[in-house]
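Thank you all for coming. I would like to take a few minutes to walk through one model, going from the overall chain to a handful of side chains.

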Amino acid sequence: NSCKIMEENFEGEGETQIATVKFIATMTQVDSREKTAFMETSTFERAGKHIRQGAWLYKSGIVEPVPLSETEEETVDDLDDSS
């Protein structure tokens, strides 16, 4: 299993800071060994100083299929090899 960050963007400063992170996650089912993958674009924002000195909080995410080059299996295998 792996998670590869494709893109990160930050806006604002301090407690008003917002981050957008696009990543591709790959997973292997334990019993069947079936491989699968998805891409998610997640939005995070800074918590106030009262929560762990401004920790990042997950706000939302958009899940999409992984862009395919030829077949899904090849794309998932390629991602596994690069980590």
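I will begin with the chain as a whole and then turn to particular residues.

What we have here is a predicted model, in which local features need a pLDDT of at least 70 and side-chain atom pairs count only at pLDDT 80 or more, while totals for chains, interfaces and linings use all residues. Residues are numbered from 1 along each chain as its sequence is written, and side-chain values use heavy atoms, with hydrogens and water left out.

The protein chain holds 1 helix and 4 strands, where helices (H or I, at least four residues) and strands (E, at least two) are DSSP runs numbered from the N terminus, and the order from that terminus is β-β-β-β-α. Of its 83 residues, 24% count as buried; here buried means under 20% relative accessible area, exposed means over 50%, and partly exposed lies in between, with a 1.4 Å probe and protein chains only.

Let me move to the aromatic residues. A search of the whole structure gives 3 aromatic pairs, a pair being rings of Phe, Tyr or Trp (its six-membered ring) with centres within 6.5 Å, and with planes under 30 degrees apart counted as stacked, over 60 as edge-to-face and the rest as tilted. One of them joins F23 and F38, whose ring centres are 6.3 Å apart and whose planes stand at 70°, so this pair is edge-to-face. Because F23 sits in strand β2 (residues 18-28) and F38 in strand β3 (residues 35-46), the pair ties together parts that are 15 residues apart in sequence. F23 is buried at 15% relative accessibility, whereas F38, at 22%, is partly exposed.

Another pair is formed by F44 and Y58, with ring centres 5.7 Å apart and planes at 75°, so that it too is edge-to-face. F44 belongs to strand β3 and Y58 to strand β4 (residues 56-64), and the pair therefore links parts 14 residues apart in sequence. F44 is partly exposed at 22%, and Y58 is partly exposed at 47%.

Back in strand β2 we find T26, which is buried at 2% relative accessibility. Its side chain makes a polar contact of 2.7 Å with that of S2, the term meaning a pair of N or O atoms within 3.5 Å, where within protein one must be able to donate a hydrogen and the other to accept it, and residues adjacent in sequence count only if both atoms are side-chain atoms.

Finally, the loop between β2 and β3 contains R33, which is exposed at 56% relative accessibility. R33 has a positive phi of about 65° although it is not a glycine.
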